[in-house]
Amino acid sequence: MVVGAVLALTAAAFSIASPAQASVAQGYVMGSGAVNDDWGDEGTISSTTRNHNNVVYLWQTVLASDGYLSSSQVDCWFGANTKAATERWQRDHGVEVDGAVGPETFGRADDRLQWVLGSNSIQYNGSKTTMGGYARDANGYWYAIGYGVKISYTSASLCG
């Protein structure tokens with residue numbers, strides 16, 4: 001019995017806490033720990049689900065960085081152009097092609113995120129250009145640097 005208790009205490013002492021889990025109910029893109037593991041638990045955005053907000057803006061900047069959208073098409077609306085660009089991105093990156101951006105697609109995209117050395121900034125290393133201008137605060141909220149705006153599922157404030 002003593003051996004079992006010691007083993008249980010030892011296992012508890014060496015267990016690793018699981019990463020924070022994001023939720024659409026939180027209302028924002030959230031993360032903790034390694035930045036290239038922040039998006040794989042985000043909620044789905046699509047042409048029919050949460051289709052006008054700052055998370056769509058974030059996704060559209062990923063598409064623009066990879067050459068699937070032009071910068072003028074970044075408008076916080078998940079419309080026909082964003083859906084078609086998302087399907088092309090999914091096909092090219094080996095994820096299920098459904099035109100929606102959920103944990104699998106976000107998770108593949110976050111593999112290309114990294115901290116900018118010497119700053120609090122996060123960048124996405126796209127195939128055409130690097131997207132910067134984002135950070136994560138001490139509570140894990142993602143926000144747009146220069147705007148002071150959290151990346152929200154309920155606001156499209158990044159697109160005037």
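1. Is C76 buried or exposed? C76 counts as buried, because its relative accessibility is 0% (buried means under 20% relative accessible area, exposed over 50%, partly exposed in between, with a 1.4 Å probe and protein chains only).

2. A word on the basis: this is a predicted model, where local features need pLDDT of at least 70, side-chain atom pairs count only at pLDDT 80 or more, and totals for chains, interfaces and linings use all residues. Residues are numbered from 1 along each chain as its sequence is written, and side-chain values use heavy atoms, leaving out hydrogens and water.

3. Most residues other than glycine have a negative phi.

4. R50 is found in the loop between α1 (2-14) and α2 (54-65), and is partly exposed at 32% relative accessible area. Helices here are DSSP runs of H or I with at least four residues, numbered from the N terminus.

5. Then there is Q90, in helix α3 (residues 80-92), which counts as buried at 0% relative accessibility. The side chain of Q90 has a polar atom 2.7 Å from the backbone oxygen of A100. A polar contact of 2.9 Å also joins the side chains of Q90 and T105 (a pair of N or O atoms within 3.5 Å; within protein, one must be able to donate a hydrogen and the other to accept it, and residues adjacent in sequence count only if both atoms are side-chain atoms).

Key. Helices (H or I, at least four residues) and strands (E, at least two) are DSSP runs, numbered from the N terminus.
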